[in-house]
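Student: I am new to this structure. Please show it, and then let me ask what stands behind each label.

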Amino acid sequence: MPKDRFFLLDAGASRPTPTPVPLPPGTTLKAGPGDTEGRFSLLEKQWDGGTGTPAQVPDTTRPLDFDTFLYVREGDLGVDTGDQTHRLTSGMCALVPRGLPLALRNLGGADSTPHTLQLSAPGVPRQPEGVADAADGDAARRFFVLGPGEARPGRIPIPPAFSIKARTADTAGLFSFLEVTVAQPIPRHTHHVADEGIYVLDGVLHIDFDGDEHIAGQGQFVLLPHGVPHAIRPGSTPPPRVLQISSPGGWECVVETLIEHRTEVSRGGRFDPAALNRYTRQYHVTYEVSGAPWTFR
């Protein structure tokens, strides 16, 4: 059953690893291939002081055979891609496509303890519907680094509360990655194709999954498998700030559509599910129209 794949992972906790080989010190598995049906894996690394390369990071002489997305929560991280080093600090991120070599280094010295999230997507790249330029072969062209507060360019301007860090076209359809401030309740809805992963950066997030209430705080991760209704709402002031993963990608298309039609789909700070469905069905997301948009059993 899809709903059996749901889990809420405590801050600092780790999912079971797919092999008996232990993870390096300071590394936890937030989601593994067994959790996501092979769509992606998510590692969280809190480094010790020093400048070494963690054991789980491929050597720079061997190109990656999967897309990797890096998000730096804190610290000073060196991202080596062949003969180039890119410096990432707090709030920065980078997409390292398959075909490029990768190694990570602590650039802050013995007193620095970088805190990073690393998403790996080993799936088969595809051309998303309506995307004519998602290329897997041109790895160097797909590589990018974003500074704090920066976002990938989209079809329309997006408010800073919805910062798109990786688009479907960037990852050849494998995933989307957003940094979102959850300022208002999101009515109960179902992703019919994509799994959704949410990592809470700060604040408190309330989650209704299949009618049961869950509360996620800083450092917690929740996996919402496709095919099961869920809703989310802010549970703190200021509202929670989260990292939102959609796999396969496409969630940024929903966000752009809702922003484009915001006067129609949202009134008085509340979303209208019937109006939402007029625009989200094409992206395989539907909202429940009958009953209250946010209720707990």
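Student: Where does Ala172 lie?
Tutor: Ala172 sits in the loop between strand E11 (162-166) and strand E12 (176-181). Helices (H or I, at least four residues) and strands (E, at least two) are DSSP runs, numbered from the N terminus. This is a predicted model, in which local features need pLDDT of at least 70, side-chain atom pairs count only at pLDDT 80 or more, and totals for chains, interfaces and linings use all residues. Residues are numbered from 1 along each chain as its sequence is written, and side-chain values use heavy atoms, with hydrogens and water left out.

Student: Why is Ala172 called buried?
Tutor: Buried means under 20% relative accessible area, exposed over 50%, and partly exposed in between (1.4 Å probe, protein chains only). Ala172 has 2%, so it is buried.

Student: What makes the phi of Ala172 worth a remark?
Tutor: Its phi is positive, about 55°, and Ala172 is not a glycine. Most residues other than glycine have a negative phi. Glu37 also has a positive phi of about 55° without being a glycine. Glu37 belongs to the loop between strand E2 (27-31) and strand E3 (41-46).

Student: How do you know that Asp170 is buried?
Tutor: Its relative accessible area is 9%, so Asp170 counts as buried. Asp170 is in the loop between E11 and E12.

Student: Which residues does Asp170 contact beyond four places in sequence?
Tutor: They are Leu95, Arg142, Phe144 and Arg152. Contact means heavy atoms within 4.5 Å.

Student: Why is Leu119 called buried?
Tutor: The value is 1%, so Leu119 is buried. Leu119 is in strand E9 (residues 115-121). Beyond four places in sequence it touches Phe40, Ser41, Leu42, Asp67, Thr68, Phe69, Phe175, Phe177 and Ile245. Phe177 is 58 residues away along the chain, yet the two C-alpha atoms are separated by 9.6 Å.

Student: What makes E9 mostly covered?
Tutor: Seven of its seven residues are buried. His115, Leu117, Leu119 and Ala121 point one way, while Thr116, Gln118 and Ser120 point the other way.

Student: How do you know that E9 pairs with E3 and with strand E4 (residues 67-74)?
Tutor: Two strands pair if DSSP finds at least two bridges between them. E3 and E9 have six, running antiparallel. E4 and E9 have seven, also antiparallel. In E9, Thr116 is the bridge partner of Lys45 and of Val72.

Student: What makes E16 and E22 the edge strands of the open sheet?
Tutor: The sheet has five strands in the order E16-E15-E18-E13-E22, with antiparallel pairing. Strand E16 (212-216) and strand E22 (285-287) each pair on one side only.

Student: Why is helix H2 (251-260) called largely enclosed?
Tutor: Eight of its ten residues are buried, so the rest of the structure largely encloses H2. Among them are Trp251, Val255 and Ile259.

Student: Why is Cys253 called partly exposed?
Tutor: Its relative accessibility is 21%, so Cys253 counts as partly exposed. Cys93, at 0%, is buried.

Student: How many disulfides are there?
Tutor: Zero, in a search of the whole structure. A disulfide is a pair of cysteine sulfur atoms within 2.5 Å.

Student: What kind of peptide bond joins Thr237 and Pro238?
Tutor: A cis bond, with omega about 0°. Most peptide bonds are trans. Ser247 and Pro248 are joined by a cis bond too, with omega about 0°.

Student: Where does pLDDT fall under 50?
Tutor: It does over residues 130-136. Over residues 292-297 the pLDDT is below 50 as well. The term means the predictor's confidence in each residue, from 0 to 100. The protein averages 88, and 88% of the residues score at least 70. Where pLDDT is low, the predicted coordinates should not be read in detail.
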